[in-house]
Amino acid sequence: MSGIIAEKLNEQGLQRVASKERLTFFGLTLPYLLIVVALIIIPVGWLFYLSFIGRDGSFSFENYERMTKSRAYIRIFITTFKISILTTLICAVIGYPLSYFMSQLSRKWANICMIGVLIPFWTSLLVRTYAWLVLLQKKGLLNNIAIDIGLISEPIKFVHNTTGTLIGMVHIMLPFLILPLYANMRSIDRDCLKAASSLGATPTRAFWTVFFPLSVPGLLAGLLIVFVLCLGFYVTPAILGGGRVIMAAMKISSNIELYFSWGAASALGVVLLIVTSVILFIASKLVSMDQLGNRSAK
Amino acid sequence: MTFNVIKSVSNYLTIAGMVMAGGIANADDTLRIVSWGGAYQKGQSLGIFQPAAKAMGITVKEDTYGGISDVKLMVKSGADKFDIFSSGAGNCASGGAEGILEKLDYSVIDVSNHLPGMYSEYCAGADIFSVVAAYNTDTYGDNGPKTWADFFDVEKFPGTRAMRNNVGAQLEAALLGDGVPMDQVYEVLDSEEGIERALDKIRSIKPHIAVWWSSGAQHAQLMKDGEVDMTTGWNGRFDVAKEDGAKVAYDWQTGIMDWEGYGIPKGAKNKDLAMKYIAEMMKPEYMAEFAKYITYGPTNSKVYELGLMEDARALQMPSHPENAQHQLTLSTEWYAKWRTIASEMYTEMMTE
């Protein structure tokens with residue numbers, strides 16, 4: 001009898017401790033939650049609301065209807081996704097071997113390589129973009145040298161087009177891919193590869209069946225960061241695209257000037273947000289996000 | 001003791017009162033003006049803003065801004081950042097149509113000597129600039145494109161071009177290039193078909209358009225670096241680039257005259273003083289002084305009549321009668337009516 005009472009009391013005590021603990025954890029996350037609500041949820045919600053306000057101040061779909069009237073909007077969205085996907089893929093093709101190479105080096109040499117990755121990362125985006133313009137334009141350094149040594153007779157059009165935009169964006173985005181990928185590769189247990197070899201796998205087979213799958217979480221994290229950052233890019237395509245590459249962010253800015261209203265611009269942002277969410281949702285179905293989360297946590 | 005406290009409190013109040021009175025008096029004779037920065041605002045500041053402020057015995061604080069959309073956002077959000085802004089006539093007209101500007105009081109501001117059309121309900125014209133077709137003299141020598149027809153003729157004048165990334169003055173150029181007489185340009189443009197005709201003209205040379213420029217600094221750089229062989233752009237920028245050694249020339253036959261002026265945002269705190277200050281800035285001596293810094297001509301015809309400018313310098317101004325006679329004057333009414341529609345159509349053409 002008394003044993004049951006004691007058990008009950010104990011249970012109540014445990015519950016109290018547990019709820020107190022939950023409260024403490026909630027208290028710890030509170031500052032972050034407040035920041036998210038105040039700086040992200042409220043402004044985004046407000047812009048979402050404004051996108052449904054017409055020129056006369058009443059509820060209206062005119063900011064969305066406009067996008068269906070001009071084919072320019074759909075082309076701008078296609079360009080935005082095309083450039084973002086291409087940049088992401090090129091970053092992966094360049095960044096993966098580099099990260100792998102760095103992860104195989106000794107700590108000392110890997111750190112020296114990392115400085116090479118980080119120095120451009122710390123340089124102003126605008127400076128780097130203009131530097132590319134100086135290097136790559138028609139009478140720029142690269143074309144002049146190539147013509148002087150007789151490699152080409154006519155200057156190659158590197159900038160003021162998609163090529164220039166991609167060069168500039170890949171250069172800026174590469175560290176965002178390399179940093180999470182390299183951290184992930186460093187944490188992969190070398191003994192797994194040794195075990196594969198001892199079981200008779202060739203180095204190629206060991207790489208593809210053991211190392212690569214273990215590096216996927218880092219790769220996916222990097223790809224995701226690069227892709228999402230690309231979608232909102234403004235400065236680099238505006239300068240290196242020469243007006244021939246128009247991305248969503250540029251149209252958002254020109255719509256503010258054209259219609260004098262936040263609504264006209266935020267409608268574009270809402271569409272971009274929805275399309276991006278849909279794409280990421282599909283991607284997460286193809287590659288399980290759970291898996292990504294679990295492995296990254298490990 | 002008590003007496004001392006009362007005395008020091010009253011002293012303190014007196015001082016506070018003086019400071020406050022000073023503060024109010026200070027606000028009464030201080031104006032805030034915004035413009036575009038760079039070589040342009042430097043000329044305005046040294047030639048107009050500060051000398052005019054000195055003459056009136058007031059303080060004028062300067063800043064830069066991002067255009068008429070900044071005025072709209074300021075007025076709509078009830079903020080109070082500046083009393084006067086410098087703006088292109090077309091943007092000023094659309095701001096007026098949006099109801100975000102104060103009507104200018106022309107009984108205070110004297111525009112009796114202004115060139116025809118160089119002031120409007122919401123904008124008092126201050127300087128005149130032109131959009132021209134500039135070409136590289138290394139590529140074409142002295143026989144460069146002299147008219148808009150030449151600019152659009154890729155057979156006669158092979159080479160890369162640049163045009164603006166928005167509609168401003170580009171459709172007029174295209175129609176002039178298509179053989180529309182100057183006095184019928186805005187008649188033709190007064191319908192979507194007319195706008196489409198102009199866009200088709202641009203489409204016809206689109207493979208030769210290497211860059212769509214977005215700023216005056218950019219088109220000056222494009223010419224200086226030889227990135228393109230010809231471009232549309234503002235005459236003053238090309239003159240400055242030429243002084244810097246760029247191989248660039250242009251002909252006034254391609255000129256499309258536009259003007260810049262001053263406006264007052266709706267509800268400006270110091271509206272009456274702002275009005276008087278604009279009146280002061282309209283005087284010919286300030287305009288003559290401004291034109292020493294950049295080749296943007298005066299709107300006040302007295303500058304020429306009083307001989308306030310050296311002849312050689314005067315001949316460089318878009319508004320000099322010798323130059324103005326060849327040029328089309330940009331229609332602010334057309335922009336107030338068609339700007340958004342034409343802009344969307346222009347973007348569509350660019351993204352094709």
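**Strand pairing, domains and chain contact in a predicted complex**

B:Ala134 has B:Tyr250, in strand 9 of chain B, as its bridge partner. This position belongs to a predicted model, in which local features need pLDDT of at least 70, side-chain atom pairs count only at pLDDT 80 or more, and totals for chains, interfaces and linings use all residues. Residues are numbered from 1 along each chain as its sequence is written, and chains are lettered from A and ligands numbered from 1 in the order in which they are written. Helices (H or I, at least four residues) and strands (E, at least two) are DSSP runs, numbered from the N terminus. Two strands are said to pair if DSSP finds at least two bridges between them.

Strand 5 of chain B (residues 123–136) pairs with several other strands of the chain. With strand 9 (residues 248–250) of chain B, strand 5 of chain B forms 3 bridges in the antiparallel sense. Strand 8 (residues 230–234) of chain B also runs antiparallel to strand 5 of chain B, and 5 bridges join the two; here B:Ala133 faces B:Thr232. Strand 4 (residues 119–120) of chain B pairs antiparallel with strand 5 of chain B over 2 bridges, B:Tyr119 being the partner of B:Ala124. A hairpin of 2 linking residues connects strand 4 of chain B to strand 5 of chain B.

Strand 5 of chain B is mostly covered, with 14 of its 14 residues buried. A residue is buried if 20 or more other C-beta atoms lie within 10 Å of its own, exposed if 12 or fewer, and partly exposed in between, with C-beta atoms placed from the backbone. For chain B as a whole, 50% of the 352 residues are buried. B:Leu273, in helix 12 (residues 271–281) of chain B, counts as partly exposed because it has 18 C-beta neighbours inside 10 Å. The C-alpha atoms of B:Leu273 and B:Ile205 are 50 Å apart in space, at a sequence distance of 68 residues.

A parallel pairing is found elsewhere in chain B. Strand 1 (residues 30–35) of chain B runs parallel to strand 2 (residues 59–64) of chain B, joined by 6 bridges, and B:Val34 stands opposite B:Asp63. Together with helix 2 (residues 38–56) of chain B, these two strands make a right-handed β-α-β unit. The crossover is right-handed if, with the strands pointing away from the viewer, the path from the first strand over the helix to the second runs clockwise.

Chain B contains 17 helices and 12 strands, and its C-alpha trace spans about 95 × 40 × 40 Å along the principal axes. An automatic or database domain assignment supplies the domain bounds. Domain 1 of chain B covers 8–128 + 259–325, and domain 2 of chain B covers 129–257 + 329–351. Their C-alpha centres lie 29 Å apart. Contact is made between 19 residues of domain 1 of chain B and 15 residues of domain 2 of chain B, where two residues are in contact if their C-beta atoms, placed from the backbone, lie within 7 Å. On the side of domain 1 of chain B that touches domain 2 of chain B, two or more residues each come from helix 4 (89–97), strand 5 and helix 16 (321–324) of chain B. Helix 4 of chain B has the largest share of this side, 5 residues. Chain A is likewise divided, into domain 1 (1–41) and domain 2 (72–297), and the C-alpha centres of these domains of chain A lie 42 Å apart.

The contact between the chains takes 20 residues from chain B and 19 residues from chain A. Helix 3 (68–76), strand 7 (209–213) and helix 17 (332–351) of chain B each supply at least two residues of the chain B side, to which helix 17 of chain B gives the most, 7 residues. The predictor assigns the complex an ipTM of 0.83 and a pTM of 0.83. The average pLDDT (the predictor's confidence in each residue, from 0 to 100) of chain B is 89, and 92% of the residues score at least 70. Over residues 13–26 of chain B, pLDDT stays under 50, and the model has 0 contacts beyond four places in sequence for them.
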